[in-house]
Amino acid sequence: MQSMAFLDTPIEYLKGVGTNRAELLKKELGIFTFHDLLFHFPYRHIDRSQIHEVSELSEEMAYVQVKGKVSNIRLLGQKRGQRLVADLTDGTGRMELVWFQGIKWVREALKENKTYLVFGKPTLFNRTFNMAHPTLDDPEQEADKKYLNIMPMYSVTERMKAKSLDTRTLMKLTHTLISYPEFGMVENLPDSLLQTQKLMPRTEAFINIHFPSSHGMLAEAEKRLKFEELFFIQLRLLRYKHARSVVYNGIRLEKIGEAFNSFYNQYLPFELTQAQKRVLKEIRADVKSGKQMNRLLQGDVGSGKTVVALMSMLMAIDNGYQACIMAPTEILSQQHFETITKLTGGMQLNVALLTGSTSTKVRKEILAGIASGTIHLLIGTHALIEEVVQFQNLGLAVIDEQHRFGVEQRAKLWKKNQYPPHVLVMTATPIPRTLAMTLYGDLDVSVIDELPAGRKPIKTEHRFESNRLRVIGFMREQIARGRQIYIVYPLIEESEKMDYMNLQQGFDEIQKLFPQPQYQICMVHGKMKTADKDREMQRFVSGEAHIMVATTVIEVGVNVPNASVMIIESAERFGLSQLHQLRGRVGRGAEQSYCILMTGYKLGNDAKLRMKTMCDTNNGFEIAEIDLKLRGPGELEGTQQSGVLDLRIADLAKDQLLLQHARDAARYIIDMDPELSSPHHSKLKLYFDAYTRQSRWSRIS
Ligand code: ADP
Ligand code: MG
């Protein structure tokens, strides 16, 4: 354990650091110990193994290295225009080195007629190449030689640069650290894993991630450290999942009975899709296994998750248990209630709706019915997780639109029983596989990857401001056919005020173009009181209003099958998955539906790709993958609150294969040795225990 203590040494004790630099390192980069410095990985490396000749230089070259003699050091210009210039000659030609800042310091350090290795970007000026602020090395000096091959570049802040604690200094400090005789990293992966995954030992990886001896070694070091990072996340998730399955016995929902069968045979108004059937089988296998189900059901908007939820709840009811479904808003709960009561109309099923606006009298009755067991199926909002809601015997809890629910809220649901109920979490936000594995790695995942037959794919078009008249004509035509229309305005926090102005302006304009009483328009936005919002929504749901002008509050779950046009204003300001979510509000009925993306002419490359992707595909998973690549995992919907994604080196968009291997390896180990008690896993366990103690781990799922 000696090297552990070594790595915990405060950073001020590193040779070359001292109090001032230590302060900076702590404040600016959060580097407190030797360990922290080692984990400040380079953001890239620069190949300095090649030396170019002056005569070969061209303007296309990025960074190059030239070796030559410095002469004719001179100060040119006045005041602000002042600069230090020196010639560099290498026998093939002459170039100039230029400094605009730190002139005094460079002038003192630079020696006439001495040979230097210079490194920088060549630019052509007056037919002579020059390099501004080049890096200088003394090829004779032993100390400098060490970095001259593949040089690490570290991120530093402006404040650090101002105090001459730059990438170069960090490199030297890191080199000092790994050169101490005490330096070494404790291996945390079992030998067998190093062998099967072909991974470099840990100490070697840390040396090579900073100072690779070749490009190949750099790649190996990266692979090893990425694997390690992903592996411990997976190990923790799977360990957690395993621990949960040991602690909790699941309610055994053995039989398929009257409720399920009569619904399936008599009341289900359509044939289930293959995907719906498959998912139901997966759920069925879970709930009769004797273990608690924790399943995430992903399915694109309109893929038919509700009926899967309902049939799962009927399984619970058939076994004498109650079931509930919780939705994030009043409107959605209301809709679920209507859908479910309609679908199960002729059945002997007692279904109740409990929300914040349920009257006291009805509420009392419902609470009594839940407690006595006369209510079989409860639908509602957050109201369901309040303390007063006591089930007689809750067998299955379904949570719709998962990302609007906090983790703690989910956990409260299952404290409602002696045994925790089975939990089915449904989300319409497709999550790329790698993300799902990391975010929900402790849940089992089912996917509905097929839309019901006969659904007409939504037609998506990208339109510019100059097409607006035609768009308005199109809207009138659709309304004349009895359709309804959404118009959505973007909302970003920094300029909230302005956005509401835009929304109001948009509303006023639409009102002029679509005058009352012929046209009815409603408006909803996040700043409205819930009651007002619900009333406006209701006007649209009921068909009274033709157009709904809204911010993204309509994103989640609202189902108005008669709405066939979604117009998204300033579409370039939305992320891909958000655009897709919005589009999912239409295309729910039998009519051909349309999504129109309105933008200005000037679009960045990313924005263009987003518009193109939307026009090209309706597939949520494809869109999610592209979104992940464009934005990185931290920006994706529903991932923000999770510390799981603060990865140091691995990249969920790029390292999918490695993640799969890490997951498989972790699963293999947890299956064989869930307590990590085998002597073979001693190194692993030691590290794992420390790791789980220190890292943020707030997810309960
Ligand atoms: P989501 O997955 O977005 O929650 P819903 O459950 O609201 O989707 O289903 C969307 C619509 O598709 C509903 O009107 C529902 O009745 C219908 N639906 C669901 N499954 C099928 C099916 N297999 N065949 C035809 N229509 C279906
Ligand atoms: Mg839904």
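Which of the 15 residues around ligand 1 come nearest? They are Glu 271, Gly 302, Lys 305, Thr 306 and Arg 455, where a residue counts as being around the ligand if one of its heavy atoms lies within 4 Å of it. The model is a predicted one, so to speak: local features need pLDDT of at least 70, side-chain atom pairs count only at pLDDT 80 or more, and totals for chains, interfaces and linings use all residues. Residues are numbered from 1 along each chain as its sequence is written, chains are lettered from A and ligands numbered from 1 in the order written, and side-chain values use heavy atoms, with hydrogens and water left out.

Sorted by type, the shell around ligand 1 holds four nonpolar, six polar and five charged residues, with Gly put among the polar ones and Asp, Glu, Lys and Arg taken as charged. On the backbone side, a polar atom of Gly 304 is 3.1 Å from a ligand oxygen, and an N or O atom of Ser 303 lies 3.5 Å from an oxygen of ligand 1. On its own, ligand 1 has 570 Å² of accessible area, and the protein covers 79% of that (Shrake-Rupley method, 1.4 Å probe).

Elsewhere, Thr 460 belongs to strand β17, residues 459-464 (a DSSP run of E, at least two residues). Thr 460 counts as buried because its relative accessibility is 10%, the cut-off being under 20%. Its side chain makes a polar contact of 2.8 Å with that of Arg 583.

Notes:
Polar contact = N/O pair within 3.5 Å; in protein donor to acceptor, adjacent residues only side chain to side chain. Helix = DSSP H or I, 4+ residues; strand = E, 2+ residues; numbered from the N terminus. Buried < 20%, exposed > 50% of the residue type's maximum accessible area, 1.4 Å probe, protein only.
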